[in-house]
Structures are given as structure tokens and as C-alpha cells.
Amino acid sequence: MTEKGSFGYSLEMITSKERDQTWENLCKKCGLCCFEKIEDEQGTIFFTSTPCRYLDVVTRECKIYPRRFEIYPDCIKLTEDLVGKLPWLHDGCGYREALDVSKKRNPARRKVSDDE
Ligand code: SF4
């Protein structure tokens, strides 16, 4: 029996590089994960309109993507494990959709502007 990854591909048939590319292709390039977020005392997460300094807000792509962890160590590499745990990753994220992460895991959140 062929083992399937949680995003539907045979893990035995692809190399690790192909697997990485397949994984990265799940991103919809919406850029929302690259905006600053605020968490209140109740654990509710609010998205702000302040992007990461390295996000190209027009293309919604990272301007330093190949070297992002070197240049900006706070950047988080999304893994299958993390996608299921990060409360601020929105439900429309391509990774969350591919992994069919339950919406119950995400607390309510809303988008706010910086001037609120
Ligand atoms: S929120 Fe998800 S789909 Fe959107 S850019 Fe971030 S990783 Fe990609």
C-alpha cells in the first residue's frame, strides 16, 4: 500500500525537493500571514493592515523569500505540524485548506486597521 501525505501525494514517488515544491505550491500567495497580528487577553487575534517590511504588497510575495530566514530570523517556516497549530493562520490559507484543518482550532478573529 502506498503511503499518502496529508495533502494527497504519494510520499514514495517524489524526491524531497519535489515534496518541498509541492508543499510550497499550496500557498495561494494572499500574503495575509505576513501582516502583523495582535492578540488580546481573551486570545482573540486581530489582523492589522501593517505588512512585514519584506512583503511586496502589490504582488503579495516576499521580497527576500530565498534568504528570509537569514535576513529576518523571526520569519516562521510553515510546516504541516505548524499549520494545524498556529491560531493566527486564517481558514482560507492554502495550507490549511489542503490539510483540512478544522475551523474549530482557530479562535474568532477580525481585521482591523492601524488607526482604530
Ligand atoms: S496565509 Fe497561507 S496562503 Fe496566504 S500567503 Fe500565507 S501561507 Fe500563503
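1. Read along the sequence, the protein chain follows the pattern α-β-β-β-β-α-α-α-β, and there are four helices and five strands in it, where helices (H or I, at least four residues) and strands (E, at least two) are DSSP runs numbered from the N terminus. This is a predicted model, in which local features need pLDDT of at least 70 and side-chain atom pairs count only at pLDDT 80 or more, while totals for chains, interfaces and linings use all residues. Residues are numbered from 1 along each chain as its sequence is written.

2. Strand β1 (residues 35–39) and strand β2 (residues 45–51) run antiparallel and are joined by four bridges; two strands pair if DSSP finds at least two bridges between them. One of the residues to look at is K37, whose bridge partner in β2 is F47. The two strands form a hairpin with five residues between them, and G43 in the turn has a positive phi of about 90 degrees.

3. Of the 116 residues of the protein chain, 5% count as buried, meaning that 20 or more other C-beta atoms, placed from the backbone, lie within 10 Å of the residue's own. The largest nonpolar core consists of V83, L89, C93, Y95 and V101, a core being a set of buried Ala, Val, Leu, Ile, Met, Phe, Trp, Tyr and Cys residues joined through C-beta atoms within 7 Å.

4. Leaving aside residues up to four places away in sequence, V101 touches V83, G84 and R96, with contact defined as C-beta atoms, placed from the backbone, within 7 Å.

Note on methods:
Buried ≥ 20, exposed ≤ 12 C-beta atoms within 10 Å, placed from the backbone. Contact = placed C-beta atoms within 7 Å.
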